[in-house]
Amino acid sequence: MKIHSIIALIAAPSSVLGFAPAFTSRSATKSVSSLNLFGGGGKKDGEEKKAGGMGEMMDNFKKAQEIGAKTQKIQAELAEETLEGLAADGRVVVRITGQQKPQGVDIDPDYLGSVSADELSASLTTAFQDAHEKSLTVMNKKMMSLYADMGLPVAAEPPKE
C-alpha cells in the first residue's frame, strides 16, 4: 500500500503537487534580482543603459563618503573661524566660532559703568544674536557650496530662523 502511494506521487504532474518544484532549465530563467543587482536589466528603446543595483549602490556609497569627508573639512574650518557679534554701538562684543561655540565677551568699561543691569543684559543678548546669525550665514554658505559641488539641489537662500 505504501509503495502504491509513492508511485502515485512520483507519477503525478508537478502542477498537481503544489509544493513540488517545477523542473525548468536554470539558464532559461533569470531572477529579476540578479538582473537588477548586476546590471542585466536591459535597456528600453531610447534609454541609455545604467549600472545595475550593485553598481549604483557603490556609486552612492562613494558619493556619501566624499560628502562625509568634505563635511568634516568644513566642520574643522568652522571650528577655527571666529565671528563677532556687536551691540551698543560696538561697546559690547561677543565672539563665537563658526560652530556657535562661545569664545569670549568684551564690554567697554565706560559702558559697563553707565548702564543698568537690564540694559547690559539686553546688549549682551543682542550681541549673541548677531554673532549667532553671522555664524549661521557662514555655515550655510559653506554647506550650499558643498551641495553645489556635489551636484545636489541647493536652496536659493538659506532658511532664516
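Terms and values in a predicted model

Colleague: Why is Asp89 called exposed?

Modeller: Asp89 has a relative accessible area of 77%, and exposed means over 50%, with buried under 20% and partly exposed in between, using a 1.4 Å probe and protein chains only, so Asp89 is exposed. This is a predicted model in which local features need pLDDT of at least 70, side-chain atom pairs count only at pLDDT 80 or more, and totals for chains, interfaces and linings use all residues. Residues are numbered from 1 along each chain as its sequence is written, and side-chain values use heavy atoms, leaving out hydrogens and water.

Colleague: Where does Asp89 lie, and what is its phi?

Modeller: Asp89 is in the loop between strand 1 and strand 2, strands being DSSP runs of E with at least two residues and helices runs of H or I with at least four, numbered from the N terminus. Its phi is positive, about 55°, although Asp89 is not a glycine; Ala88, in the loop between strand 1 and strand 2, also has a positive phi of about 55° without being a glycine.

Colleague: What makes strand 2 and strand 3 a pair?

Modeller: Five bridges join strand 2 (residues 92-97) to strand 3, antiparallel, and two strands pair if DSSP finds at least two bridges between them, so strand 2 and strand 3 pair. Val92 has Ile107 in strand 3 as its bridge partner.

Colleague: In what order do the three strands form the open sheet, and which are the edge strands?

Modeller: The order is 1-2-3, with antiparallel pairing; the edge strands are strand 1 (82-87) and strand 3 (102-107), each pairing on one side only.
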